[in-house]
Structure formats: structure tokens, C-alpha cells
Amino acid sequence: MTGGQLDAFAISDFAAAVLMERIVRGAYETKNSSEIQPLQWSILRYLDRCAEDRCTLTLITGFLGLTHAPVSRAVRTMRDRGLVRQRSHPRDARSTIISLTDAGRDALELDPIRKIALLVCTLPDADRSAIKRALRSISVDLSS
């Protein structure tokens with residue numbers, strides 16, 4: 001769909017999608033390569049919320065819907081920065097378990113997405129429910 005093909009209704013829907021992107025991008029204030037990057041934040045969040053036996057490169061990659069290479073590079077960088085550690089998987093010699101270090105847990109206190117969550121938390125209950133419902137629906141449709 002090109003700009004010339006959008007009718008008035010579709011333009012407002014497209015604007016809403018652009019606004020969602022802007023909100024998320026805006027949460028990540030620092031763009032320096034020495035900072036934790038958005039993919040790395042996603043991996044840290046995954047590791048924080050999943051059972052240890054679900055914290056393998058293959059499962060993280062599948063959850064994020066990405067290929068192996070960028071996730072592997074991100075994990076390697078985080079390991080080198082002391083945010084995660086890797087150890088042999090006790091039941092699968094071909095795999096490693098990736099886990100948060102104390103520094104990784106501390107970093108999550110500064111997670112940029114927390115800003116968005118705190119702003120959502122301040123919305124009236126009906127608006128909070130509506131935005132959560134809408135985002136779940138969009139997410140499900142994007143996943144299928």
C-alpha cells in the first residue's frame with residue numbers, strides 16, 4: 001500500500017502504527033553501540049521470565065522469530081559484557097543454557113520498555129484494558 005493509495009480511514013490506521021513504532025523507538029534513548037541494544041533487551045527479558053531449561057539459543061531464537069546468527073551475536077556480546085553466562089545443557093550436549101548474571105538482572109532495572117509500562121499503568125482502567133486487548137489482537141494477527 002503506497003501513500004497515494006491510502007484513503008482517509010487507512011491513513012489514520014497507518015498513523016497509529018507509526019505512532020506505535022515511535023513510542024517504542026522513543027523508549028530507547030541511547031543509541032550508542034556500547035549500550036544495550038533493543039535485541040539484547042528482548043533477550044534479557046526472555047531470560048528473566050523463562051524457566052532455565054527453556055533458555056537455549058534455539059528457543060530464544062524461536063520466541064523472537066529471528067534467525068540464529070543475530071541472536072547468537074547478541075548473546076556473545078552480552079556474555080562478553082558480563083550480562084549473561086552460558087553453560088552446557090545437562091540433557092543436550094549440543095546446546096547451552098543461557099542465564100542472567102547479577103549484572104544482567106541489574107540491567108533489567110533500567111529496561112527502557114519499563115517506561116512504556118509505567119505510562120500504560122497511569123491510564124484509566126478502561127483505556128488500559130482496551131490497549132492491552134488491541135495489542136494482543138495485533139500480536140496474534142502478526143504471528144499467524
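Helices and strands are DSSP runs, numbered from the N terminus, and a helix has at least four residues.

**View 1. Overall fold of the predicted model.** The structure shown is a predicted model. The protein contains 7 helices and 2 strands. Starting at the N terminus, the elements follow the order α-α-α-α-β-β-α-α-α. The C-alpha trace spans about 55 × 30 × 30 Å along its principal axes.

**View 2. Leu135 in helix α7.** Leu135 is located in helix α7, an element that covers residues 125-143.

View 3. Which helix gives the most to the nonpolar patch? Helix α7 does, with 4 residues.

**View 4. Surface and interior of the protein.** The accessible surface of the protein amounts to about 10,100 Å². Carbon and sulfur atoms account for 57% of this surface. Of the 144 residues in the protein, 25% are buried. Where contacts join residues at least 6 apart in sequence, 50% of them link residues at least 24 apart.

**View 5. Charged side chains.** The protein carries 21 positive and 17 negative side chains. The centres of these two sets are 4 Å apart.

Conventions. Residues are numbered from 1 along each chain as its sequence is written. This is a predicted model: local features need pLDDT of at least 70, side-chain atom pairs count only at pLDDT 80 or more; totals for chains, interfaces and linings use all residues. Side-chain values use heavy atoms; hydrogens and water are left out. Buried means under 20% relative accessible area, exposed over 50%, partly exposed in between (1.4 Å probe, protein chains only). Contact means heavy atoms within 4.5 Å. Accessible areas come from the Shrake-Rupley method with a 1.4 Å probe; for residues, only the protein chains shown count as cover. Lys and Arg count as positive and Asp and Glu as negative; His and the chain ends are not counted. The place of a charge is taken as NZ of Lys, CZ of Arg, CG of Asp or CD of Glu.
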